[in-house]
Amino acid sequence: MKILVCITNVPDTTAKISFTDNDTKLNKNGVQYIIGPYDDYALARGVEIKEQTGGTLTVLHVGEADADPQIRKALAIGADDAIRVNADPQDSYFTAAQIAHIARQNSYDLILMGRESIDFNSGVVHGLVGEMLGVPSYSPVMKLELNGTTATIAREIDGGKETLTVTLPLVLGCQEPIAEWKIPNMRGIMTARTKPLQVVEPVGLDEMTAPEKFTLPAPKGACKMIPAEDAASLIRLLQTEAKVL
Amino acid sequence: MSVLIFVELDNGNIKKTSLEAIAYGASVASQTGSTATVLAIGQADNSELEKAGHYGASKVLHASDEHLAHENALAYSDVLFQAATKEGSKIIILSKSGLGDAVAARAAARLKAGVVSGVTELPQIDGAFKVTRSIYTGKAFATTEIKSDVKVLVIRKNAIEVDEAAISGSAAIVETFASSRRDSDYQAQVTNVEKASSELSLTEADIIVSGGRGMKGADHWQPLLDLASALGAATGCSKPVSDLDWRPHHEHIGQTGIKVAPNLYIACGISGAIQHLAGVNGSKCIVVINKDPEAPFFKAADYGIVGDVFEILPKLTEAAKALR
């Protein structure tokens, strides 16, 4: 079993977002970076599967060197080796093309990643990679069990859940409760230091999309407080003032 | 060269978010001097599909082959690719959902198209083609230029204001779209589908009533359900509530759950952790009911009531019933 887990390097969920350089760059000052929370679920399930079935788990990140601590963390959690495609990705198609390029060289049985990154929230990279490789992709996957080369998957659909069985190889976008997040132990942290982290240059392709300016939402007006004993008047305000009823 | 809009059907009806996508696509078509064509996959009556005309589409391609009856993002993306190729479409519009994102992604890979998901407004077209998208889970927006020849846009709910009063009565022309079948899209065996069909879907709902730990337990949900039913609202919950199994996981709204953008979001006993706010900050109007006046959610709210949810909810339900 050869498993590839793709991770993002993103601001912590509680980070305050602001921009610099005339609103063209994220202000990284004081921002804590983490492995994307959905990617963390993908990694945890990948490690569990590797431990059950044997094989190798490679972690892949498309991004710059400031992600290396997060890549080392993934190695400490249980990945065997890592590849970093040295680029500053701004576009889903670009990122997917890099992942597909690495995947073609190594023919993985299972490619796992989060359902979406929490910076750009697109949720399209797994689908792009799947189509580029000509293999099925599913998301958001909440349960993954393997029996040989057959996978049983439970995934969320609009207002419900679907269970299906399908043969590997697969590309999956993961979310909870596929596995519990893993915290690296001391031995993991020690061995992670010497595990291979290969840095490769991106494959070139035409630029598809490019962000050019960032803006923050307009500040919210003051909250209108309504006394509890007069709660019923809220409904009237929602109808006549807010006009949402 | 028409703008192509992929719509989703629910029991033979065009979903509300897809009607928005049609209005959005029709507006882009008029900006670019082109026409709007809809692609509908699955079973639906012509009388329903003709409605696409009310929202500005001139034509509907209807792919209703038997093998397309079950929702299959892989196969649907192939049909979209075939329709886009046949129509010579350079702009493709979908509404954001699990299916929309998957179909957009796989079709974009084959069309070598730039894809932007989470678009919140109509594009600016002046030589360059620019869209505004929601990023950092609603904490910011990015103006993004799409440079590729073919462009795929996945739009969020409320990306366009649909004026129901102004919709025209003209019907779209419905044509059967015969597509070829790609066997590799049918490898999977779907063994079980659990769908609460009676429930209003959270991503579609105009009003959502949502509960947090302040609701005190699974057995205490009735007052919240009563208000939801009086308002015709969908029900949601915070992450701790679904973690505790008080409510099903598919009701979980927040950073790691469903992101919603209703006209009205009523939060009952939810303190407003930043991860929850990330899932609701696209809402037009937010009401917060909490016994703790210091609850951070009040800072993000339009209306607030400090007090006991179990005393306040029945009063609201009564007032809402009187309204109808």
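Two strands are taken to pair if DSSP finds at least two bridges between them. I take helices (H or I, at least four residues) and strands (E, at least two) as DSSP runs, numbered from the N terminus.

**Entry 1. Conventions**

I note that this is a predicted model, in which local features need pLDDT of at least 70 and side-chain atom pairs count only at pLDDT 80 or more, whereas totals for chains, interfaces and linings use all residues. Residues are numbered from 1 along each chain as its sequence is written, and chains are lettered from A and ligands numbered from 1 in the order in which they are written.

**Entry 2. The sheet across the two chains**

I looked up the pairing of strand S15 (residues 224-225) of chain A and found that it joins S18(B) in the parallel sense over two bridges. Met225(A) stands opposite Gly304(B) in S18(B).

I then traced the open sheet of six strands, whose order is S15(A)-S18(B)-S17(B)-S16(B)-S14(B)-S15(B), with parallel pairing. S15 of chain A and S15 of chain B stand at the edges with a single partner strand each, so one side of each has no neighbour in the sheet.

Within this sheet, S16(B) and S17(B) run parallel and are joined by five bridges. I recorded Val287(B) in S17(B) as the bridge partner of Ile266(B).

**Entry 3. Helix H6 of chain A**

For burial I use the count of other C-beta atoms within 10 Å of a residue's own: buried at 20 or more, exposed at 12 or fewer, partly exposed in between, with C-beta atoms placed from the backbone. In helix H6 (residues 233-240) of chain A the buried residues are Leu234(A), Ile235(A) and Leu238(A). Seen down the axis of H6(A), these fall within an arc of 100 degrees, so they line one face of the helix; the arc is that of the directions from the helix axis to the C-beta atoms.

I next asked what they pack against, with contact meaning that the C-beta atoms of two residues, placed from the backbone, lie within 7 Å. The buried residues of H6(A) pack against strand S16 (264-268), strand S17 (285-290), strand S18 (303-306) and helix H8 (309-323) of chain B.

**Entry 4. The contact between the chains**

I find that the contact takes 71 residues from chain B and 64 residues from chain A. On the side of chain B that touches chain A, helix H4 (residues 98-111) of chain B gives the most, with nine residues.

By class, that side of chain B holds 33 nonpolar, 24 polar and 14 charged residues. Here Ala, Val, Leu, Ile, Met, Phe, Trp, Tyr, Cys and Pro count as nonpolar, Asp, Glu, Lys and Arg as charged, and the others, Gly among them, as polar.

**Entry 5. Chain B as a whole**

I count eight helices and 18 strands in chain B. Of its 324 residues, 58% count as buried. The C-alpha trace of chain B spans about 60 × 45 × 40 Å along its principal axes.

Chain B is divided into domain 1 (3-186) and domain 2 (207-323), with bounds from an automatic or database domain assignment. Their C-alpha centres lie 31 Å apart. Seven residues of domain 1 of chain B are in contact with five residues of domain 2 of chain B. The domain 1 side of this contact has no nonpolar, four polar and three charged residues.

**Entry 6. Helix H5 of chain B**

Just after H5(B), Gly232(B) takes a positive phi of about 65 degrees.

**Entry 7**

Seven of the eight residues of strand S9 (residues 128-135) of chain B are buried, so the strand is largely enclosed by the rest of the structure.

Strand S8 (residues 124-126) of chain B runs antiparallel to S9(B), joined by three bridges, and Gln124(B) has Lys130(B) as its bridge partner in S9(B). In the hairpin of S8(B) and S9(B), with one residue between the strands, Gly127(B) takes a positive phi near 80 degrees.

S9(B) is also joined by six bridges to strand S10 (residues 140-146) of chain B, in the antiparallel sense. Ser134(B) stands opposite Phe141(B) in S10(B).
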